[in-house]
Structure formats: C-alpha cells, structure tokens
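Please keep the sequence and the structure open beside the text while reading.

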Amino acid sequence: MKFQAITRPVVFFTLLFLYSGVLHAMDVYVAGRAGISMPDESELTSSSLPGAKIDLGFKDNLVGAAAVGLRNGAYRTEVEMSYQKNNLDSIKASGITINPATVGLSGNISALTTLVSGYYDFDTGSRLKPFITAGVGFTLLDASFTVTGVSGISSSDKDTVLSYQLGAGLGYAVTDKITVEVGYRHLSGHDAKFNGDTVSFTSNNITAGVRIHF
C-alpha cells in the first residue's frame, strides 16, 4: 500500500472536517501533548525462519502530538498527528531473551500516526472533566536495524498500516479558553511488512497536554 494513496483520503477528510467546523461555527481548539511511549513486545514472523517465534522488545521513549478539534457540548472531534521513536531493547526467541548489544545488533522503530478521534467529556459539575476517546487512522512505521561495527550491514523499510486508538483521561478547565489534561492511550493496528517480514506494533502512551479554545 503506497503512502501517497493513504495520505490523500486522510488529507481530504481533514480538510472536510475543518471546513464543516467553520461552517457550523462550533468551538474550535488546538491541542499539544507530550509524554512517554511504552511499546508492547512486537511479534516478528520472518520469511527466512518459518515457524520461529521471535519477540522484539523496545525501550520506552518520548511521544509528542498536535491536534485540531471541534467541541460541541460534551462531544469533541479531533484530527491528531503524533510521533514516537523507540530503540530496540531485547530479542526473545524460543523463550530465551537476548540483549541485542551482545550480538552486535542495534535498531529502532518509529511511528508517525494520523488519527480522526471522537471524545466524550463527562460533566462533573466542576472544572474537572474525565473523558474517553476512540480514534481510527493510519500509522507510517519506519524500522531500521544495523549490525554494530560492520560497515554496510544494515536493513530498513517502511510500511503504512491502518491503526486505531482507545483512551481515557482527565481535563481541568483553567479558564473558559484553556484546558490542561492528562491521558492514557492505547495505539494498535495491522501488522506491518518490512522486507518480507511481518511485525506487530502496539504502544501504551501516557501524555500531558493543553487545549486552547478559540
């Protein structure tokens, strides 16, 4: 699936989303979020090792996101882009865990995700408002691996996959125009194809952020 073929409908629906917001004069806001990404182990199915069960562990790292949204009462809709990059931490094969550094291997996987998400804010009668969210979109996964100290021995590939996100959090309205929030989101999607191998990718992300309403 070519990246361009994926981005065109995403851009189209993003523009349609923004246009509909202006047309109906809803509450428009922008949001910025940052936090920590904690990927689950990725299951690797290799075409060169049929039947082998290999799990790749990745280190926790930072994640950042930016969004534009519309609010209509308790309901919100957002278009959000997020980015995270996580370094290879462990390799598990046949129940044995290996430190990649001991075999001279290093690598990472990055995820650039675009989602259209819906939110529901619970009214508590105060400035505190818990929320739940669900979204769907696409993730561009970029994986790169290198044999340390060996010139020219490296492998990298990209794939774009359908993704979804589920989450919950808590917002606090500092003013009528500014809301701070903390939240948890689980990002998952279809398996990616890298140089003929299949790799799963899911991540649990905890972020703090701010929403500015216009």
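From the N terminus on, the elements of the chain follow the order α-β-β-β-β-β-β-β-β-β-β-β-β-β, that is, one helix and 13 strands, where helices (H or I, at least four residues) and strands (E, at least two) are DSSP runs numbered from the N terminus. This is a predicted model, in which local features need pLDDT of at least 70 and side-chain atom pairs count only at pLDDT 80 or more, while totals for chains, interfaces and linings use all residues. Residues are numbered from 1 along each chain as its sequence is written, and side-chain values use heavy atoms, with hydrogens and water left out.

**Overall make-up**

Of the 214 residues in the chain, 40% are buried; buried means under 20% relative accessible area, exposed means over 50%, and partly exposed lies in between (1.4 Å probe, protein chains only). The accessible surface of the chain, calculated by the Shrake-Rupley method with a 1.4 Å probe, where for residues only the protein chains shown count as cover, comes to about 11,500 Å², and 64% of this area belongs to carbon and sulfur atoms. A contact is counted when heavy atoms lie within 4.5 Å, and among contacts between residues at least 6 apart in sequence, 67% join residues at least 24 apart.

**The nonpolar core**

In soluble globular proteins, nonpolar side chains tend to be buried together. A nonpolar core is taken here as a set of buried Ala, Val, Leu, Ile, Met, Phe, Trp, Tyr and Cys residues joined through side-chain atoms within 4.5 Å. The largest such core in the chain has 15 residues, and those with the most contacts inside it are Leu-56, Ile-109, Leu-141 and Phe-194. Strands S3 (54-58), S5 (75-93), S7 (105-121), S8 and S11 (192-194) each supply at least two residues of this core, and S3 gives the most, with three residues. Leaving aside residues up to four places away in sequence, Phe-194 touches Ile-109, Leu-141, Ala-143, Asp-157, Lys-158, Asp-159 and Val-199.

**Salt bridges**

Side chains of opposite charge can pair when their charged atoms come close. With a salt bridge defined as a side-chain nitrogen of Lys or Arg within 4 Å of a carboxyl oxygen of Asp or Glu, a search of the whole structure finds nine.

| Salt bridge | N to O distance |
|---|---|
| Arg-33 and Glu-78 | 2.8 Å |
| Glu-181 and Arg-33 | 2.5 Å |
| Glu-78 and Arg-76 | 3.5 Å |

Glu-181 lies in strand S10 and Arg-33 in strand S1, so their pair ties together parts of the chain that are 148 residues apart in sequence. A network of salt bridges links Arg-33, Arg-76, Glu-78, Glu-80, Asp-121, Glu-181, Arg-185 and Arg-211.

Thr-133 counts as buried because its relative accessibility is 7%, whereas Ala-134 is partly exposed because its relative accessible area is 39%. The side chain of Thr-133 reaches the backbone oxygen of Gly-118 at 3.0 Å. With residues up to four places away in sequence not counted, Thr-133 touches Ser-117, Gly-118, Tyr-119, Gln-165, Leu-166, Gly-167, Ala-168 and Arg-185, and Ala-134 touches Val-116, Ser-117, Gly-118, Gln-165 and Leu-166.

**The nonpolar surface patch**

A patch is made of residues with over 30% relative accessible area and no salt bridge, with like charges joined within 9 Å and nonpolar side chains (Val, Leu, Ile, Met, Phe, Trp, Tyr) within 5 Å. One nonpolar patch of about 860 Å² is made by Val-30, Leu-128, Leu-170, Tyr-172, Val-174, Ile-178, Val-180, Val-182, Val-210, Ile-212 and Phe-214. Strands S9 (154-173), S10 (178-189) and S13 (203-213) each supply at least two of its residues, and the largest share, three residues, comes from S10. Val-182 lies in S10 and counts as partly exposed, at 48% relative accessibility.

Notes:
A polar contact is a pair of N or O atoms within 3.5 Å; within protein, one must be able to donate a hydrogen and the other to accept it, and residues adjacent in sequence count only if both atoms are side-chain atoms.
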